[in-house]
Amino acid sequence: MLQPFCPVDVRVLPDEAGRQAMRAMLPPASRLLVLASRSRCAQLNLTSFFLALQGDGHAVQLYADIPANPDVTDIATLLTRLREQPFEPTAILAIGGGSCMDMGKAAAALYPLLSKPDAQSVRDAIVQRAVEKPHLCVDLFVMPTTAGTGSEVTRWATVWDSASRRKLSIDHAQGFAKGAVLIPEWTAGMNATLTLSTGLDALTHAMEAFWAVKRNPLSQELALLAAGKVCSALPRALAEPGNMEARSMLCMASLLAGLAFSQTRTTACHSISYPLTLLKGMPHGLAAAVTLSSVMRRNMPAVPEMDRLSSVFDEAEGLDAWLMETTRGVLELRLSAFGVTEAELPDIAALAFTAGRMDNNPVPFTQADVQTILAENL
Ligand SMILES: [Zn+2]
């Protein structure tokens with residue numbers, strides 16, 4: 001069944017035009033909370049952009065404390081700061097990668113709900129799904145600086161709960177950004193590891209949207225387009241970081257894969273990735289992609305049209321060879337390279353079953369299966 005399609009106003013534009021497009025998207029006279037790290041502000045010369053926004057009549061407040069993989073405590077700290085000042089934002093603009101957009105989504109949905117926020121009330125609002133009931137949210141706008149999460153066109157946000165070793169997910173119909181502007185030049189600032197991790201994240205979203213239980217013809221066509229673009233552009237972006245054609249193609253791949261998995265959600269690879277990120281700090285895209293080949297092999301017999309997906313990698317002599325060639329010289333895509341030991345595999349496997357993800361895999365996996373898959377990639 002086709003899901004309601006993406007309601008986000010999305011543009012892919014060069015730098016100056018992209019900044020102008022975002023200025024035109026924002027509601028007039030906003031009280032605008034900008035989420036962007038200090039290093040991002042310096043790297044992209046955002047001061048002049050903020051001055052332009054003020055010149056447009058917006059009140060601008062910068063919040064620069066953007067951690068990787070934000071936790072319930074990070075969200076509580078941000079919400080408390082807004083309440084204490086008080087700033088009362090009417091719009092949020094997240095400028096950064098997936099973690100920054102997740103913070104923006106969480107803040108947009110939770111700020112109106114929690115008058116006295118702390119970690120427990122943030123956790124409760126997410127776990128008890130109060131945040132997902134229809135309510136007034138702050139308008140969210142995003143300018144991704146990475147190409148891979150697809151978060152700019154999905155309604156979900158990830159918030160981690162390290163105290164209880166869980167990944168929490170906010171999933172509500174109002175979770176979409178109102179507007180997104182992707183500027184390929186901005187993604188050229190990523191180092192090789194981040195380029196690889198985010199590019200492989202987009203590829204994993206595409207491949208999982210292709211074989212998911214909830215797959216449909218639209219998700220599969222979008223997935224094939226996205227996978228083809230990653231296959232061609234990721235090796236080029238790694239070899240020539242300033243290659244704008246390759247960077248633009250990865251931005252498009254991220255968008256297409258985001259639209260594909262917004263139809264289907266993800267499957268076993270993402271489900272297995274969560275404990276790898278939570279327990280071992282493995283970057284999200286690498287944690288998702290490390291089992292891609294093992295999972296694909298097992299899913300092959302359950303998805304009759306799988307030949308179309310594997311043919312994307314024909315020129316590279318298959319997915320395994322492509323992964324080997326693409327990661328060469330950047331890192332080794334193996335669990336042991338991230339400090340995972342054989343003794344930890346049962347614990348990781350036990351935490352790898354996220355509802356809505358693992359049961360969306362076309363072949364059911366037991367905990368023993370997941371342990372074998374992990375061992376294959378140790
Ligand atoms: Zn992902």
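Me: How much space lies in the largest pocket?

Reply: About 880 Å³ of space lies in the largest pocket. A volume is the space filled by probe spheres set on grid points joined across faces, edges and corners. This is a predicted model, in which local features need pLDDT of at least 70 and side-chain atom pairs pLDDT 80 or more, while totals for chains, interfaces and linings use all residues. Residues are numbered from 1 along each chain as its sequence is written, and side-chain values use heavy atoms, without hydrogens and water.

Me: What makes a set of points a pocket, and a residue part of its lining?

Reply: On a 1 Å grid over the protein atoms alone, a pocket is an open set of points where a 1.4 Å probe fits, with protein on both sides within 12 Å along at least five of seven lines; a lining residue has an atom within 4 Å of a point. The largest pocket has 44 lining residues, and closest to its centre are Gly-98, Ser-99, Asp-102, Thr-149 and His-284.

Me: Which element gives the most to the lining of the second largest pocket?

Reply: The second largest pocket holds about 470 Å³ of space. β7, a strand (a DSSP run of E, at least two residues), supplies the largest share of its lining, five residues.

How values were computed:
Helices (H or I, at least four residues) and strands (E, at least two) are DSSP runs, numbered from the N terminus.
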